[in-house]
Amino acid sequence: VTQMLDYDGPDEDLAQCERFFNQFRSMDNVKERMSAWLYKMTFDEEYTANKTNVDLLVNAAQVIKESDGFKMTLASILAVGNFINGGTKKGGKHGFELETLSKIGAFKTTDSTMSILGYIYKFLRANYPDALNWLDDMASMPDVIRIESDNLDTEISKMEKDLDKIKTLLAEANKDEEAKNADDDKDQFNVVMDKFYKDAKKKIEQLQAQFNSTIKDVQELAKFYGEKVKPSQFKVEEFFGIFNEFRDTFLENKEKIDGAEADLEKARRKEEAQKKRAEEMEELKRKKKEEKEKKRKAREEKKRKKDARKKKVGFANVGDGDGDGDASKERKSHSKKGKTDKMLDEMGDASKYLSKLRQNRQTNKTKGNMMGARKKSMFFKGQKQLMMIDPDEVSQLQNEAGGDNDGDEFL
């Protein structure tokens with residue numbers, strides 16, 4: 001830049017960088033103009049930040065003043081306090097100081113299982129659930145207390161002073177009207193900055209007015225809550241800090257109660273699930289037992305039908321009787337026997353009969369056939385042809401074996 005101060009040649013002989021600096025050689029207030037351009041580039045960001053902080057203060061004051069839910073909460077605190085202090089000098093009050101909001105979190109119920117705020121929370125939740133909306137309405141309170149009103153006022157004032165510097169530059173540039181017209185096609189500083197200044201000046205004035213009005217509203221709000229206010233010493237962030245601390249304490253009690261109830265509900269559901277599982281297992285065991293009993297009865301029924309079929313075709317089970325000799329049981333057993341069993345019962349002891357039959361055959365072996373042709377007994381199954389015994393021979397055998405058969409009859 002220093003080297004370019006002595007250059008008096010044409011711009012065409014300069015490189016692009018040197019040509020750029022050569023443009024500033026005959027320009028007045030270059031440093032001030034550069035500051036103005038820089039301010040214009042950063043104005044929107046700085047203005048938005050300050051406007052956001054002012055809006056936070058406005059909204060916080062509005063919620064505290066107009067929230068019906070917050071008023072209901074404060075009324076509940078007053079009612080509980082009067083009830084606890086009933087019959088004493090502290091009872092029967094019509095209000096309380098703001099510092100009470102910072103102390104109430106330390107008070108417990110008589111059994112020390114719950115704080116006063118916890119009890120108030122449960123009362124409002126059960127009877128006036130909408131009264132708890134102020135907790136969400138004041139969600140921005142942590143951001144509000146970080147705003148220092150004095151610094152915010154300084155920032156807004158600084159923006160206004162920077163605009164005044166631009167105003168001065170514009171006034172100096174407009175002095176030489178003839179020079180302005182001659183360089184109009186090249187120097188656009190006045191054209192651009194004049195429009196920017198007018199728009200920015202209007203925004204800053206409105207923001208400053210809003211900030212001043214908000215500070216006054218907050219001071220009036222503090223007086224409404226019984227606070228002694230000295231404008232020169234009043235700190236907006238300290239006033240809002242009381243409500244932020246109360247909100248944090250209230251939320252802690254709310255979360256503690258909700259968490260304990262959630263744990264109880266979880267335990268209850270777990271117990272119900274275990275009980276339901278036990279009932280399902282018991283029902284499963286019962287069904288398995290019923291199925292097992294059903295199969296056992298089916299096997300018994302199948303066996304009974306099988307035994308019945310055997311008896312029907314003449315094959316009685318050996319040892320069906322209990323051997324007690326009871327006549328009625330014998331008759332009952334006799335009635336259920338097949339044809340072959342009945343025939344053997346009428347003949348008597350079959351082994352004795354066969355033994356006697358063989359003995360007689362040995363005796364009469366040489367006599368030949370009594371009826372011309374020998375008849376085979378039905379008990380000799382080795383022969384191809386089965387023949388019935390001659391009735392005369394049967395009669396003779398009955399007489400000879402009468403003493404051994406104990407009166408049993410023969411076919």
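The entries below follow the order in which I looked things up.

**Entry 1, overall make-up.** I note at the outset that this is a predicted model. I counted secondary structure and found 16 helices and zero strands in the protein. Of the 411 residues, 26% are buried, and the accessible surface comes to about 29,600 Å², with 51% of that area belonging to carbon and sulfur atoms. When I took the contacts between residues at least 6 apart in sequence, 67% of them turned out to join residues at least 24 apart.

Which members of the largest nonpolar core touch the most other members? In this core of 61 residues, they are Ile64, Phe70, Ile166, Phe239, Phe240, Phe243 and Phe246. I then listed the helices that each supply at least two residues, and among them are helix 2 (30-66), helix 3 (68-84), helix 8 (149-173), helix 10 (189-224) and helix 11 (236-312). Helix 10 gives the most to this core, contributing twelve residues. I followed up Ile166, which, leaving aside neighbours within four places in sequence, is in contact with Ala36, Tyr39, Met193, Phe196 and Tyr197.

Is Thr73 buried or exposed? Thr73, which is found in helix 3, counts as buried because its relative accessibility is 0%.

I checked Trp37, which has its place in helix 2, and it counts as partly exposed because its relative accessibility is 31%.

Side chains of opposite charge can pair when their charged atoms come close. My search of the whole structure gave 23 salt bridges, and I looked at several of them one by one.

- Lys158 forms a salt bridge with Asp162, with 3.3 Å between the closest N and O atoms. The two are separated by about one helical turn, because they are four residues apart in helix 8. Lys158 is partly exposed at 44% relative accessibility, whereas Asp162 is buried, with a relative accessible area of 16%.
- Asp194 and Lys198 meet through their side chains in a salt bridge of 3.4 Å, N to O, and both lie in helix 10, four residues apart, about one turn of the helix. Here Asp194 is partly exposed at 32%, while Lys198 counts as exposed at 53% relative accessibility.
- Arg296 pairs with Glu293, the closest N and O atoms being 2.4 Å apart. Both lie in helix 11, three residues apart, about one turn of the helix. Arg296 is partly exposed at 31% relative accessibility, and Glu293 is partly exposed at 32%.

Which residues are linked in a network of salt bridges? I found Arg125, Lys254, Asp258 and Glu261 linked in this way.

How values were computed: Residues are numbered from 1 along each chain as its sequence is written. This is a predicted model: local features need pLDDT of at least 70, side-chain atom pairs count only at pLDDT 80 or more; totals for chains, interfaces and linings use all residues. Side-chain values use heavy atoms; hydrogens and water are left out. A nonpolar core is a set of buried Ala, Val, Leu, Ile, Met, Phe, Trp, Tyr and Cys residues joined through side-chain atoms within 4.5 Å. Buried means under 20% relative accessible area, exposed over 50%, partly exposed in between (1.4 Å probe, protein chains only). Contact means heavy atoms within 4.5 Å. Accessible areas come from the Shrake-Rupley method with a 1.4 Å probe; for residues, only the protein chains shown count as cover. A salt bridge is a side-chain nitrogen of Lys or Arg within 4 Å of a carboxyl oxygen of Asp or Glu.
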